[in-house]
Amino acid sequence: MKKNKYLILTILWMIFIFVMSHTPGNDSSKQSNFIVNIIVQILPITRNTLSFIVRKCAHMTEYAILAFLIYKTIVHIEKPLIKSFIFTFLYACTDEFHQLFIAGRAGQIRDVCIDSTGALIMLLIIYIINKRKDKKIGS
């Protein structure tokens with residue numbers, strides 16, 4: 001049952017990413033500008049720079065979560081970290097391709113790299129946690 005829970009969560013998260021990517025460019029900008037408007041009042045940073053940072057952090061976070069969910073879904077198979085990364089990378093590629101057909105959006109290789117970096121960071125954290133657990137068990 002636990003495996004099914006993560007599979008369902010993974011599919012739901014992939015649908016969430018798809019829906020967010022299907023949002024036209026202007027609407028997507030409005031979503032991120034809500035956060036930007038709050039932060040720009042606090043930090044001495046230009047609106048354009050902050051908007052870029054917020055949008056790219058959102059990309060990284062979405063794909064870090066996806067990588068985590070995929071890992072939890074396939075943890076029982078051989079080399080789950082590597083396979084989780086590959087699957088997340090491929091989903092990022094299809095997501096950017098999908099955006100080529102959405103008004104005001106553009107599929108960009110740079111975004112695939114940013115998405116994959118979020119996934120890689122999450123999987124490195126999982127790797128480090130697993131190594132620490134193995135050391136404690138071996139002690």
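This is a short chat about a predicted model of one protein chain.

Trainee: How many helices and strands does the protein chain have?

Mentor: Five helices and zero strands. Along the sequence the pattern reads α-α-α-α-α.

Trainee: And what box do the C-alpha atoms fill?

Mentor: Roughly 50 × 35 × 25 Å, along the principal axes.

Trainee: Pick a helix pair. At what angle do α3 and α4 cross?

Mentor: Roughly 135 degrees, with the axes coming within 9 Å. Helix α3 covers residues 47–74 and helix α4 covers residues 80–99. That angle makes α3 oblique to α4, because only angles over 145 degrees count as roughly antiparallel.

Trainee: Is the crossing left-handed or right-handed?

Mentor: The crossing of α3 and α4 is right-handed.

Trainee: Which residues meet there?

Mentor: From α3, they are His59, Tyr63, Leu66, Ala67, Ile70, Tyr71 and Ile74. On the α4 side they meet Pro80, Leu81, Lys83, Ser84, Phe87, Thr88, Tyr91, Ala92, Asp95 and Glu96.

Trainee: How do the residues of that contact divide into nonpolar, polar and charged?

Mentor: Eleven are nonpolar, three polar and three charged.

Trainee: Back to the whole chain. What share of the residues is buried?

Mentor: Buried residues are 33% of the 139 in the protein chain. Its accessible surface is about 9100 Å², and carbon and sulfur atoms hold 71% of that.

Trainee: What about contacts between residues 24 or more positions apart?

Mentor: Among contacts in the chain with a separation of 6 or more, such pairs account for 66%.

Key. Residues are numbered from 1 along each chain as its sequence is written. This is a predicted model: local features need pLDDT of at least 70, side-chain atom pairs count only at pLDDT 80 or more; totals for chains, interfaces and linings use all residues. Side-chain values use heavy atoms; hydrogens and water are left out. Axes are lines fitted to C-alpha atoms, for helices over the stretch in contact, and angles run from 0 to 180 degrees between N-to-C directions. Helices (H or I, at least four residues) and strands (E, at least two) are DSSP runs, numbered from the N terminus. Angles under 35 degrees count as roughly parallel, over 145 as roughly antiparallel, 65 to 115 as roughly perpendicular and the rest as oblique. A crossing is left-handed if the near helix is turned anticlockwise from the far one by less than a right angle, and right-handed if clockwise. Contact means heavy atoms within 4.5 Å. Ala, Val, Leu, Ile, Met, Phe, Trp, Tyr, Cys and Pro count as nonpolar, Asp, Glu, Lys and Arg as charged, and the others, Gly among them, as polar. Buried means under 20% relative accessible area, exposed over 50%, partly exposed in between (1.4 Å probe, protein chains only). Accessible areas come from the Shrake-Rupley method with a 1.4 Å probe; for residues, only the protein chains shown count as cover.
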